[in-house]
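User: I would like to learn how to read a fold from its coordinates. Please take me through one example.

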Amino acid sequence: MHQKRSYILSLTIVFLLSPFLLKAQIAEFRDSVIQISGITMTADSLRAIPAVSVLVRGQGRGTISNRSGIFSIVVFKGDTLSFSAVGFKHKNYRVPPDIKGNSFSLIQLMVEDTTYLPVTIIKPYLSKEEFDRAFANMDIPDDAYEVARKNTNNARLRAMARFTPVDGREGVNQYFNKQAQNLYYAGQPPPQNIFNPLAWAQFIQAWKRGDFKRKDESYGE
């Protein structure tokens, strides 16, 4: 009996203190979050650097500075921000864990990074005949017009239409169309166009216009 009373008393204390504990946890979480707003600039001329990647190390999230170099991100106190941009050295900034408040302004200066390319030595051909032979056998890549011409070639399009499998959207549409056709003629035989006089009239008109002849000629090109 004494143990039961102690158990009930413990549950009552926990139930009464739970709102205060929850409120304390929320306040602690709120104090650990901070919004970092700042600007990225060059260290020598204080010029704004746009499109700087600002990542929170170890969390896979971040932001990018705008055209004026301004950025804003919400992090936890103690997180490390990694700044990177093309042509500049990487910089890291660790948010102080004991910083006061929930907002902080930062001016991140970045130093330009010099990239050294390997040495390129230009040598002339030994003779004019060797230059002519190399120039005649040079593989010149296709320009945009030539690439478009090859991609719209009739033979190439027919081959792609014949051997390229349908994608998911086309497959679903074909399945739904087949299901709709089966449900539309459920309980009765589907009509046969061979006995349809309108279909025969359309076929004869197409034959007179030479539609089939023009298709054969286009396939033969």
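Predicted model: local features only at pLDDT ≥ 70, side-chain atom pairs only at ≥ 80, totals over all residues.

User: Which order do the strands of the open sheet have?

Analyst: Residues are numbered from 1 along each chain as its sequence is written, and side-chain values use heavy atoms, without hydrogens and water. Strands (E, at least two residues) and helices (H or I, at least four) are DSSP runs, numbered from the N terminus. Two strands pair if DSSP finds at least two bridges between them. Here the open sheet has 3 strands in the order S4-S1-S7, with mixed pairing. S4 and S7 are the edge strands, each pairing on one side only.

User: How many bridges join S1 to S7?

Analyst: There are 8, and the two strands run parallel.

User: Which residues touch the most other members of the largest nonpolar core?

Analyst: A nonpolar core is a set of buried (under 20% relative accessible area, 1.4 Å probe, protein chains only) Ala, Val, Leu, Ile, Met, Phe, Trp, Tyr and Cys residues joined through side-chain atoms within 4.5 Å. This core has 18 residues, and Ile36, Val75, Leu81 and Phe83 touch the most other members. S4 gives the largest share, 3 residues.

User: What is phenylalanine 83 in contact with, beyond four places in sequence?

Analyst: Contact means heavy atoms within 4.5 Å. Its partners include Thr40, Val54, Phe71, Tyr93, Leu106 and Met110.

User: What percentage of the protein counts as buried?

Analyst: Of 221 residues, 14% do.

Methods:
Buried < 20%, exposed > 50% of the residue type's maximum accessible area, 1.4 Å probe, protein only.
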